[in-house]
Amino acid sequence: RNIVILISGGGSNMAAIVRAAAREDWAARFKARVSAVISNKSDAKGLVFAKEEGIATAVLDHKAYASREAFDAALMQAIDAHAPTLVVLAGFMRILTPGFVDHYAGRLLNIHPSLLPAFPGLHTHRRAIEAGCKFAGATVHQVTAELDHGPILAQAVVPVLPDDDEDALAARVLTQEHLIYPRAVAEFLSATK
Ligand code: GRF
């Protein structure tokens, strides 16, 4: 069974999932592999890691398409070439059309760097610090047409420390993302034998 992962940048969450999927117990239990990493940014650092891992990569530059719908249609075509069991958004910085979300309904996951439903959208760590939050974290959720609002699969909580700046909190949350995302993908695969 094929997993396709979409990235826009560093791809550290993608890398964590690739590493988890490379362990022999995963292959034995889930018969699933990461078959492609696709990005909307040709300079996404995660593409280098994927290539080094021998994983197929593709770049679809959203600026090359006349509309959001046209880009999503091309993206669906590139993804469906792998007939994926699961599509994973990992630091993928594009808002997807309802047509795209419907096409992958029930097999489209995302990780968001806040404890949803708190702080949907961007700059979540800065907003948590400004709000005086004592805790922050990350959420793995099913993607629905409403941004950052689908059913929650997993969350991780971290403390917000008094001298935290955005980068310090982001790093603390990212460490937890790398733990909960591979686990959530594994749980999804075991529930969809
Ligand atoms: C991280 O802030 C993560 O929470 C969000 O995208 C950012 C980069 O993630 N999903 P990655 O290193 O590209 O996986």
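Two strands count as a pair if DSSP finds at least two bridges between them. The legends below describe a predicted model.

**View 1. The open sheet has seven strands.** Pairing in this open sheet is mixed, and the strand order is E3-E2-E1-E4-E5-E6-E7. Strand E3 (56-59) and strand E7 (152-159) stand at the edges; each has a single partner strand, so one side of each lacks a neighbour in the sheet. On average, neighbouring strands of this sheet are turned by 20 degrees against each other, with direction ignored. In general, strands of a sheet pair through backbone hydrogen bonds, and the pairing is either parallel or antiparallel.

**View 2. Strand E1 is joined to both E2 and E4.** Strand E1 (residues 2-7) runs parallel to strand E2 (residues 33-39), and six bridges join the two. Within this pairing, Val4 stands opposite Ala36 of E2, and Ile7 has Ser39 as its bridge partner. E1 also runs parallel to E4, here with five bridges. Val4 stands opposite Val87 in E4. Five of the six residues of E1 are buried, so the strand is largely enclosed by the rest of the structure.

**View 3. Helix H7 lies across several strands of the sheet.** Helix H7 covers residues 166-191. The strands it lies across are E1, strand E4 (84-89), strand E5 (108-112), strand E6 (135-142) and E7. Relative to E7, helix H7 runs at about 155 degrees.

**View 4. Gly11, Ser12 and Asn13 carry a binding site annotation.** The annotation "binding site" comes from an unreviewed UniProt entry and covers Gly11, Ser12 and Asn13. From this set, Gly11, Ser12 and Asn13 belong to the lining of the largest pocket.

**View 5. Ser12 is partly exposed.** Ser12 is found in helix H1 (residues 12-21). Ser12 is in contact with Leu174 and His178, leaving aside neighbours within four places in sequence.

**View 6. Asn13 is buried.** Asn13 also lies in helix H1. The relative accessible area of Asn13 is 6%, which is under 20%, so Asn13 counts as buried. Not counting residues up to four places away in sequence, Asn13 touches Ala90, Ile111, Leu174, Glu177, His178 and Tyr181. Leu174 and His178 are in contact with Ser12 as well.

Note on methods: Residues are numbered from 1 along each chain as its sequence is written. This is a predicted model: local features need pLDDT of at least 70, side-chain atom pairs count only at pLDDT 80 or more; totals for chains, interfaces and linings use all residues. Side-chain values use heavy atoms; hydrogens and water are left out. Helices (H or I, at least four residues) and strands (E, at least two) are DSSP runs, numbered from the N terminus. Axes are lines fitted to C-alpha atoms, for helices over the stretch in contact, and angles run from 0 to 180 degrees between N-to-C directions. Contact means heavy atoms within 4.5 Å. UniProt positions are given in the numbering used here, feature names are shortened, and annotations may be inferred rather than shown by experiment. On a 1 Å grid over the protein atoms alone, a cavity is a set of points where a 1.4 Å probe fits but cannot get out, and a pocket is an open set with protein on both sides within 12 Å along at least five of seven lines; lining residues have an atom within 4 Å of a point. Buried means under 20% relative accessible area, exposed over 50%, partly exposed in between (1.4 Å probe, protein chains only).
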